[in-house]
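Me: I would like to learn how to read the features of a model like this one. Please take them one at a time.

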Amino acid sequence: MSQADVVVFRRWRDSGDLIALFPELPADLYGDYCDAYEHVGQHGGADYHSVVKHTKPCSAEASANLAAELRTIGYVLRPIRWASRTHHDARRRIAVDLRKAV
């Protein structure tokens, strides 16, 4: 069984588009940014707290299409409403391991 990817689905206040934030997956070698995914633009890095500030929570029903898209590219999703300090600390630990491997 694969380890589940923790994901937080949010909706941009201005456009209404959805974004998936992966608070445990680093987008940089220091873990300052988390991985993110949108229908348009797809993968990228995101400042979790800034995105949360500029978005609103998204229901499971509203995020179903984006979740399905993520599953088709291999993600095993574990949706949560908010990322805790534990999630952010995990991202930073993974980034440390990545730096050691480079």
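Me: Is D89 buried, partly exposed or exposed?

Reply: Buried means under 20% relative accessible area, exposed over 50%, and partly exposed in between (1.4 Å probe, protein chains only). D89 has 28% relative accessibility and counts as partly exposed. This is a predicted model, in which local features need pLDDT of at least 70 and side-chain atom pairs count only at pLDDT 80 or more, while totals for chains, interfaces and linings use all residues. Residues are numbered from 1 along each chain as its sequence is written, and side-chain values use heavy atoms, with hydrogens and water left out.

Me: How many salt bridges does the structure hold?

Reply: A salt bridge is a side-chain nitrogen of Lys or Arg within 4 Å of a carboxyl oxygen of Asp or Glu. The structure holds two. One joins R85 to D89, with the closest N and O atoms 3.7 Å apart. The other joins R92 to D89, with the closest N and O atoms 3.5 Å apart. Through shared partners, these salt bridges link R85, D89 and R92 into one network.

Me: Where do R85 and D89 lie relative to each other?

Reply: Helices (H or I, at least four residues) and strands (E, at least two) are DSSP runs, numbered from the N terminus. R85 and D89 are four residues apart in helix α3 (residues 85-101), so about one helical turn separates them. R92 and D89 are three residues apart in helix α3, which also puts about one helical turn between them. As for accessibility, R85 is exposed at 68%, and R92 is partly exposed at 37%.

Me: How many disulfides are there?

Reply: A disulfide is a pair of cysteine sulfur atoms within 2.5 Å. The structure holds zero disulfides. C34 is in none, and its nearest cysteine sulfur, that of C58, is 16 Å away. The sulfur of C58 is therefore too far from that of C34 for a bond. C34 is buried, with a relative accessible area of 1%, and C58 is buried at 12%.

Me: In which sense do β2 and β3 pair?

Reply: Two strands pair if DSSP finds at least two bridges between them. β2 and β3 pair in the antiparallel sense over four bridges, and P26 stands opposite C34 in β3. β3 also pairs with strand β4 (residues 42-46) in the antiparallel sense, over five bridges. There, the bridge partner of D35 is G45 in β4. The hairpin of β3 and β4 has three residues between the strands, and G41 takes a positive phi near 95 degrees in it.

Me: Which residues does K56 touch, apart from those up to four places away in sequence?

Reply: Contact means heavy atoms within 4.5 Å. On that basis K56 touches R10, R11 and R13. K56 is in strand β5 (residues 55-57) and is partly exposed at 39% relative accessibility. K56 and G16 are 40 residues apart in sequence, and their C-alpha atoms are 9.3 Å apart in space.

Me: Which residues form a nonpolar patch on the surface?

Reply: Patches are made of residues with over 30% relative accessible area and no salt bridge; like charges are joined within 9 Å, and nonpolar side chains (Val, Leu, Ile, Met, Phe, Trp, Tyr) within 5 Å. Accessible areas come from the Shrake-Rupley method with a 1.4 Å probe, and for residues only the protein chains shown count as cover. L29, Y30, I94, L98 and V102 form the nonpolar patch, with about 500 Å² of accessible area together. L29 is in the loop between β2 (18-26) and β3 (34-38), and is partly exposed at 38%.
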